[in-house]
Amino acid sequence: MNIYLIAIAVLPVIVLAYVVYRGDKYEKEPFGMLLKAFIFGALSIPAAALMESWLTMFTPPVPVLSGVYTGFMVAGCSEELWKLLFLLLAIWKSREFDEYYDGIVYACFVSLGFACFENITYVFGQGTFAGALVTGSVRAVLSVPGHFLFGVMMGYYVALAKFADSRRGWYLLMAFVVPMLMHGTFDSLLMIPESMGEGAGLVSSVLFIVLLWFDVKMWKWGVRRIQHLQELSKQQDADRNHPFRGFTWDF
């Protein structure tokens, strides 16, 4: 039984890690750095959990408002803040971070490291095999890809900050704000019905449809960011391999 549960918890992470790795077309990142980013993502969980526990104490008693607060502040703010800090700690000064697309690769590995161990906790925290199977299946379709897409957005802005001549602070701020808002919206659409209790039947159905629409939009945004940084990395690669790179006319 444990083998099946581990597979359903970990397989989505492996698939998405492979997808983002394959997208690195010009200079593959070393396995050691990818593993480091993945582990740092997992290591960010205790810090995020501690911050979440503290923020939970201020949850408003109003049902809908509590769902929004939990989605944006407790989950979105805590998790994306610590993932970003551990991402910067892992790769910002590394010489391997030398292409735009590397930002997305490393941010996704941090996010997937977080998602992997969070997924294992959720799946094995269920009381029955059937419950674990349902939880793992739902999270494989929604939660793990969600973390992946939050990582795409975070990595996009971290890469812009890394290679920016100006506005570096702004890009780093956006590396937190954009994933946090996406994460908060995603979680709020799930948590508002939960905060309403038994009377949330119709609301739950409507918000789930909105969630699916939002999920599609996130994929579109993510693909565009990936393609943009792939183009910038292509230009970097062309500049590095230009036959007259470094040549100057001396009169």
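Student: Let me start with one residue. Which helix does V210 lie in?
Tutor: V210 belongs to helix α8, residues 201-240. Helices here are DSSP runs of H or I with at least four residues, strands are E runs of at least two, and both are numbered from the N terminus. Please note that this is a predicted model, in which local features need pLDDT of at least 70 and side-chain atom pairs count only at pLDDT 80 or more, while totals for chains, interfaces and linings use all residues. Residues are numbered from 1 along each chain as its sequence is written, and side-chain values use heavy atoms, with hydrogens and water left out.

Student: Is V210 buried, exposed or partly exposed?
Tutor: V210 counts as partly exposed because its relative accessibility is 33%. Buried means under 20% relative accessible area, exposed means over 50%, and partly exposed is in between, with a 1.4 Å probe and protein chains only.

Student: What about V19 and V105?
Tutor: V19 is found in helix α1, residues 2-22, and is partly exposed at 46% relative accessibility. The C-alpha atoms of V19 and V105 are 9.7 Å apart, and the two residues are 86 residues apart along the chain.

Student: Now L89, please. Where is it, and is it buried or exposed?
Tutor: L89 is in helix α3, and it counts as exposed because its relative accessibility is 61%. Between the C-alpha atoms of L89 and D24, which are 65 residues apart along the chain, the separation is 22 Å.

Student: Let us turn to helix packing. How do α2 and α3 pack?
Tutor: Helix α2 (residues 31-56) and helix α3 (residues 63-91) pack at an angle of about 145°, and their axes are 8 Å apart. Axes are lines fitted to C-alpha atoms, for helices over the stretch in contact, and angles run from 0 to 180 degrees between N-to-C directions. What lines the contact of α2 with α3 is 18 nonpolar, three polar and four charged residues. In this count Ala, Val, Leu, Ile, Met, Phe, Trp, Tyr, Cys and Pro are nonpolar, Asp, Glu, Lys and Arg are charged, and the others, Gly among them, are polar.

Student: And α3 with α7?
Tutor: That pair packs at an angle of about 145°, with the axes of α3 and α7 6 Å apart. The residues of the contact of α3 with α7 comprise 18 nonpolar, 10 polar and three charged.

Student: How many aromatic pairs does the structure hold?
Tutor: The structure holds 12 aromatic pairs. Rings of Phe, Tyr and Trp (its six-membered ring) pair if their centres lie within 6.5 Å; planes under 30 degrees apart count as stacked, over 60 as edge-to-face and the rest as tilted.

Student: Why is the pair of W82 and F86 tilted?
Tutor: The pair is tilted because the planes of the two rings are at 55°, with the ring centres of W82 and F86 6.3 Å apart. W82 and F86 both lie in helix α3, four residues apart, about one turn of the helix. W82 is partly exposed at 26% relative accessible area, whereas F86 is buried at 16% relative accessibility.

Student: What kind of pair do Y156 and Y157 form?
Tutor: Y156 and Y157 form an edge-to-face pair, 5.1 Å centre to centre and with 90° between the planes. Y156 is buried at 11% relative accessibility, and Y157 is buried with a relative accessible area of 14%.

Student: Which residues do ring pairs link into a cluster?
Tutor: The cluster consists of W92, F97, Y100, Y106 and F163.

Student: One more helix: is α4 mostly covered or mostly uncovered?
Tutor: Helix α4 is mostly covered, since 20 of its 25 residues are buried.

Student: Finally, where is R167, and what is its phi?
Tutor: R167 is in the loop between α6 (143-162) and α7 (168-196). Its phi is near 60°, a positive value in a residue other than glycine. Most residues other than glycine have a negative phi.
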